[in-house]
Amino acid sequence: MTIGKRRSNRNNKTRRLCSFACCAALLISGVIPTFSAHGADKIAPLSVSEVAPGVFVHFGATALMNRENEGAIANVGFVVGERAVAVIDTGGSVREGRELLAAVRAHTKRPIRYVIDTHMHPDHVFGNAAFAGQGAVFVGHKNLPRALATHGPYYIANFRASMGAALMDQVRIIPPTLLVADRRDIDLGGRHLTLRAWPTAHTDNDLTVFDRKTGTLFAGDLLFLRHMPVLDGSLVGWLKDLVGLARIPARRVVPGHGPLVRRWPQGLADERRYFECLAGNIRAMIKNGVPLAVAAKTACASEKNRWKLFKAYNARNTTAAYAELEWE
Amino acid sequence: MIGKSVRTVCLAGLAVIGFGTLVAMAAPAQNDDPWPQLKRQVFKNQPLADGSGLIALDMPYRAEDAAVVPLTVRATLPAGDKRHVKRLTIVIDHNPSPVAASFTFGAKADISAISTRVRVNSYTNVHAVAELSDGKLYVVKRFVKAAGGCSAPAIKDASAAKIGIGAMRFRQLVPAAASPGRTRQAQIMIRHPNNSGLQMNQITHLYIPPFFVKDLKVWQGKELVLAMDGGISISENPSIRFTYRSNGGKAFRAQAVDTKDHVYKGEWPAARSGT
């Protein structure tokens with residue numbers, strides 16, 4: 001039982017010791033008196049665009065989370081009402097969360113009343129701690145607390161290698177207390193946000209946010225553009241949710257990853273094409289007895305040049321889709 | 001910007017002050033190979049001969065999803081070699097419970113290839129140890145890069161996962177064109193969370209207890225085709241695919257028992273091409 005475990009602990013310990021040595025070196029040499037990651041005062045605001053009046057978005061880098069990008073790969077944003085502010089996703093590190101908080105403060109003094117997590121993934125919720133203890137209510141899909149309970153410790157352990165101790169030591173899993181089972185409106189003063197919990201698709205805890213005043217939809221990771229979609233829920237469920245998403249009368253849509261979409265529902269076309277390819281290819285392979293290992297290498301090669309990070313995720317998506325579809 | 005300069009200094013500091021520590025810490029890890037000890041424990045000091053050319057283990061070098069890593073073991077005995085595989089043990093050296101599964105093959109089933117899906121918890125060697133009909137043990141290994149497969153919550157839709165536990169499927173697949181005689185291919189699947197016991201519920205701080213299929217048997221007619229002693233390293237919804245020689249039996253039966261002693265059964269008529 002303990003043989004493997006002991007080894008991984010030792011590796012972590014090695015890493016922890018190294019970062020300790022590194023911090024000690026800083027303290028001794030006195031090069032930098034305060035470690036900037038620990039103080040909010042020196043945080044520069046995250047760059048945001050006002051995509052509609054009172055609706056601000058930071059567009060994340062199309063990349064995997066790492067030390068260098070500080071986990072800032074997802075689109076995050078905030079909506080400013082007459083009385084309050086709602087933050088939508090907090091980013092991939094507490095550092096990014098603090099930068100987002102600084103961006104909010106650069107635009108308004110109104111209180112942040114809601115922090116909305118669109119789903120459980122680290123690039124969207126690792127910044128939550130930056131907004132804790134300031135009176136904001138954390139909001140999420142009714143399945144989000146369970147998902148964070150089962151996945152949270154795993155994420156914290158596994159992102160240490162790519163993100164590093166300095167960023168990861170600050171991360172706290174903060175589950176939502178205001179839960180959405182179907183739909184729920186929240187009032188920011190002069191504008192209402194409609195929150196909608198979706199059946200399992202990208203994950204089993206996807207939530208979208210629709211600002212009725214400007215027709216802006218925050219789709220979370222139900223919508224990917226350019227960045228390869230990541231399947232961590234249900235392919236069949238996602239294809240169904242695309243039908244519901246297409247019916248939303250959005251004037252602009254903020255995807256979880258990728259640029260702002262101005263034509264709706266046309267903005268769903270790339271994702272639908274890829275998912276239909278996956279479903280079609282994999283159903284045929286299962287029917288013909290093609291094993292999982294072969295399917296993972298060959299499915300939807302036609303999509304290769306249409307997405308960034310195709311290599312990082314296609315075989316993974318194929319594996320997940322195969323495991324789902326073979327039980328149809 | 002500030003962050004960047006901190007990191008640069010940090011790396012420099014590590015190079016000067018941390019280097020000695022790093023080397024000192026890293027050195028024992030390289031010698032920390034669990035295989036010699038595992039070999040003694042699992043195979044009771046029986047000699048393990050090099051299995052190259054007799055059996056082959058196929059696994060991806062880098063796993064796409066550490067909770068679902070496909071693995072295939074094939075018998076590659078040279079033409080004229082009359083031996084066959086009687087038993088097969090898969091050991092994932094660095095997993096918390098290294099013995100992933102032991103398979104026993106039916107005496108007349110002539111199983112020449114078997115595939116399943118496993119969880120892999122860290123970069124590790126994987127050993128496949130086959131007992132051939134000469135009674136001797138032969139070993140081959142592969143190195144796999146994967147992390148976190150045992151603690152990974154593989155369940156993607158937690159509500160749906162509770163439905164249909166114990167449901168079984170048996171698929172009789174078209175024999176490969178090159179397969180001679182009565183060699184067939186089949187897949188047995190069972191719906192089961194196969195919890196590893198290493199996933200923690202952060203609210204209660206309790207580990208979700210291990211709950212997995214510990215025993216699975218497949219028969220054609222009255223003869224055993226294969227049996228599996230499974231552990232926590234077998235992925236959710238266990239699936240075993242295998243080639244076998246049909247004995248002409250009219251039906252296949254399967255029985256699985258999990259760690260709560262639930263018994264699941266299935267029976268399927270043999271396809272015409274399989275008789």
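Which two cysteines form a disulfide, and how far apart are their sulfur atoms? I opened my notes with that one, keeping in mind that this is a predicted model.

**Entry 1: the disulfide.** I found A:Cys277 and A:Cys300 paired, with their sulfur atoms 2.3 Å apart. The pair links distant parts of the chain, 23 residues apart: A:Cys277 sits in helix H8 of chain A, and A:Cys300 in the loop between H9 and H10 of chain A. I read -125° about the S-S bond, which makes the link left-handed. Both A:Cys277 and A:Cys300 are buried. Counting over all chains, I get 1 disulfide.

**Entry 2: helix H8 of chain A.** Next I checked the length of H8, residues 269-287. Its 19 residues should span 27 Å at 1.5 Å a residue, and the end C-alpha atoms are 27 Å apart, so the two agree. Besides A:Cys277, the buried residues of H8(A) include A:Tyr274, A:Phe275, A:Leu278, A:Ile282 and A:Met285; A:Glu271 is buried too. I looked for their packing partners and noted strand E11, helix H7, H9 and H10 of chain A, together with strand E9 of chain B. After H8(A) comes A:Gly289, with a positive phi near 75°.

**Entry 3: the second largest pocket.** I noted about 960 Å³ of space here. Helices H9 and H10 of chain A each give two or more residues to its lining, as do strands E3, E6, E10 and E15 of chain B. Of the 45 lining residues, A:Pro291, A:Leu292, A:Ala293, A:Val294 and A:Lys297 lie nearest the centre. What is the lining made of, by class? I have 22 nonpolar, 13 polar and 10 charged residues written down.

Terms used
Residues numbered from 1 in each chain as written. Chains lettered and ligands numbered in written order. Predicted model: local features only at pLDDT ≥ 70, side-chain atom pairs only at ≥ 80, totals over all residues. Heavy atoms only, no water. 1 Å grid on protein atoms, 1.4 Å probe; cavity = no way out; pocket = protein on both sides within 12 Å on 5 of 7 lines; lining within 4 Å. Points joined across faces, edges and corners; volume = space filled by probe spheres on them. Helix = DSSP H or I, 4+ residues; strand = E, 2+ residues; numbered from the N terminus. Nonpolar A, V, L, I, M, F, W, Y, C, P; charged D, E, K, R; others polar. Expected span 1.5 Å × (residues − 1). Buried < 20%, exposed > 50% of the residue type's maximum accessible area, 1.4 Å probe, protein only. Contact = heavy atoms within 4.5 Å. Disulfide = S-S within 2.5 Å.
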